[in-house]
Amino acid sequence: MMRQQAGLKTCGPRTGMGIDSHAASPPETPLDKSNPDAQRLAARQKILRLRSRANRSLWAMALFLAVSIAALNHFSFLPPLPEQIQDLLGTPPPTLMISGLLILYSFSSLVLILARMIGDAVSHGGFYHVAYLTGFYCFYNLAGSLEDNFWAVFAAGATILSLEGYHLWTWCSRQINAENEKLDRLDGK
Amino acid sequence: MIKSLAGKAIIPVAVTVTGFVIVCCLLLYSVMKVDMTANAERQATVLAGTVVKSTRYAMLQSDDENLRDIIATISSQQGVEHVRIFNKKGLIEFSSDQAEIKRFVDKKTAGCIGCHSGPVPAAKLGEMQQARQFVNGKGREVIAITAPIYNEPDCYNASCHFHPPGQKVLGTLDIGLSRQPLQQSLATMRGRMIIFTIMTLILTVGGVTALLVRSIFGPMKMIKNYCDAICRGDFKHGLPPFDGQMEELADSVQRVATELNKTASALKEAEDRLAVPGRQAEEPKDPPHNDETASRAEDLRTENRHGD
């Protein structure tokens, strides 16, 4: 226990991680350090927030799954685009270009997530990845090649969101452990 | 939460490499499928042109018997699903299927609507627009090509013929080829790509895992076991030689263990001396040594306390 506490005090990246956590969450009111009850309450609230944050990636995955099911049916539930809008949009990009962009996007996303894992930076749950992937589904659908490329987008989404979810889950778990240790110290265990 | 270092290091790498290789393979397969289909359509278009040129003389001579024979011969070729020639009005004049002769083709089907979508039918189409894919009545997937038979000076200048020079298209040849060879090629390619992907993944993920286990996790486990043994007071065993940074770590741990061993021995010696009455008096030179050992032990204790 002593070693763990000392580790928390001296470990550099953990301090940085704490700063990142605060930067990503709404500003907290300064705690009265002489009041253990207030500290306990703050720690418990933070644990609850972290638990709900860890579930964000699951929501993102569920949303991506719903979009994928819609894409599998070629977005048939949506009304067809009016001709005026189609004319405004012009000809869709070639399939080869969309595929090239998908590879570039997958590669850069995976590298960025790995870099965040190495730097122990906070993850946002991957909702913006769902938006990008929906864009790819739409472009392939407009180019008339969604049937051939559906599984590529799905595999890219599954990989990126899994990695993002894994990162968020491990990050939140570490934070929760730190808060639990803090609670233990406050309880004199 | 995954606590082992091996899990933390290997899972993200495995997920990243596996996912990216699968995405690349799926996109590569999709691109190759499009290329191969386009190639098959191009070959079918060339074949249709060859058939039109082969039947040209028979048409100029209005030799129906010869035309029927050519179409029957071509349709008997393996992989050819249908061959038919119909006139401008869509009346089928010659066909490999005797039942459809003298019937009208449906202008709304996939092969016809390209020209007949507007009020005035188009006279010329690009190669790929002439190709269509569908499942025929026998349940086989077919790539069909419609090649227009254009009016030429030889046609409207011939004494036996009645086509006016203003008529651009005299009729259309429709030839359907089975997609089975293409599908077999695609299936073979798919299988090979799956094998290649699995082999790449095994090599990459397995290689990274093996290297990590060999270079980091194995030596770390040995150092941990060594430290556990030191904690139990077992100073007999040493560490095997390592490479690079692991060697530096092992050297540091061994130096600490050696110092600890010396201190423990010195402490034990001092305790033994204190435990035997009268020995202290016999050995007057010992106290400075004892002081040194005690102060060293105290220093180490202080360092340990600071380290904690």
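Select strand 3 and strand 4 (residues 141–150) of chain B: the two pair in the antiparallel sense over five bridges. Keep in mind that this is a predicted model. Now pick Arg132(B); opposite this residue, in strand 4 of chain B, stands Ala144(B). Move to the turn of the hairpin. Five residues lie between strand 3 and strand 4 of chain B, and Gly139(B) takes a positive phi near 80° in this hairpin.

Strand 1 (residues 80–87) and strand 2 of chain B pair in the antiparallel sense over three bridges. Click Ile85(B); its bridge partner in strand 2 of chain B is Phe94(B).

Follow chain B onward to Lys102(B). This lysine lies in the loop between strand 2 and helix 3 (110–116) of chain B. Most residues other than glycine have a negative phi. Is Lys102(B) buried or exposed? Lys102(B) counts as exposed, because there are 9 C-beta neighbours inside 10 Å, and 12 or fewer is the cut-off for exposed.

**The 52-residue helix**

Now select residues 180–231 of chain B. This is helix 5, with 52 residues. From its first C-alpha to its last, helix 5 of chain B reaches 72 Å, close to the 76 Å expected at 1.5 Å a residue. Where does helix 5 of chain B bend? Go to Val213(B), where the bend is about 45°. Then step past the end of the helix. Gly233(B) follows helix 5 of chain B and has a positive phi, near 90°.

Zoom out to all of chain B. Eight helices and five strands make up its secondary structure. Of its 308 residues, 16% count as buried.

**Over to chain A**

Switch to chain A. Here there are eight helices and zero strands. Of the 189 residues of chain A, 29% count as buried. Take the contacts in chain A with a separation of 6 or more: residues 24 or more positions apart account for 87% of them.

Stop at Asp120(A), in the loop between helix 6 and helix 7 of chain A. This residue has a positive phi of about 55° although it is not a glycine. Asp120(A) is partly exposed, with 15 other C-beta atoms within 10 Å.

**Where the chains meet**

Show both chains together. The contact takes 25 residues from chain A and 18 residues from chain B. On the chain A side, helix 1 (2–10), helix 6 and helix 8 each give two or more residues. Color helix 8 of chain A: it supplies the largest share of that side, 13 residues.

**The cores**

Now look inside. The largest nonpolar core has 32 residues. Among those that touch the most other members are Phe136(A), Tyr137(A), Val153(A) and Val23(B). The elements that give this core two or more residues are helix 4 (56–72), helix 6 (95–119), helix 7 (127–143) and helix 8 (146–186) of chain A, together with helix 1 (5–60) of chain B. Helix 8 of chain A gives the most, with eleven residues.

Center on Val153(A). Leaving aside residues up to four places away in sequence, Val153(A) touches Leu102(A), Leu133(A), Phe136(A), Tyr137(A) and Tyr140(A). For the last stop, go to a second, separate core of 17 residues, which includes Val83(B), Phe86(B), Ala131(B) and Ala144(B).

How values were computed:
Residues are numbered from 1 along each chain as its sequence is written. Chains are lettered from A and ligands numbered from 1 in the order in which they are written. This is a predicted model: local features need pLDDT of at least 70, side-chain atom pairs count only at pLDDT 80 or more; totals for chains, interfaces and linings use all residues. Two strands pair if DSSP finds at least two bridges between them. Helices (H or I, at least four residues) and strands (E, at least two) are DSSP runs, numbered from the N terminus. The expected span of a helix is 1.5 Å times one less than its number of residues. The bend at a residue is the angle between axes fitted to the seven residues ending there and the seven starting there. A nonpolar core is a set of buried Ala, Val, Leu, Ile, Met, Phe, Trp, Tyr and Cys residues joined through C-beta atoms within 7 Å. A residue is buried if 20 or more other C-beta atoms lie within 10 Å of its own, exposed if 12 or fewer, and partly exposed in between; C-beta atoms are placed from the backbone. Two residues are in contact if their C-beta atoms, placed from the backbone, lie within 7 Å.
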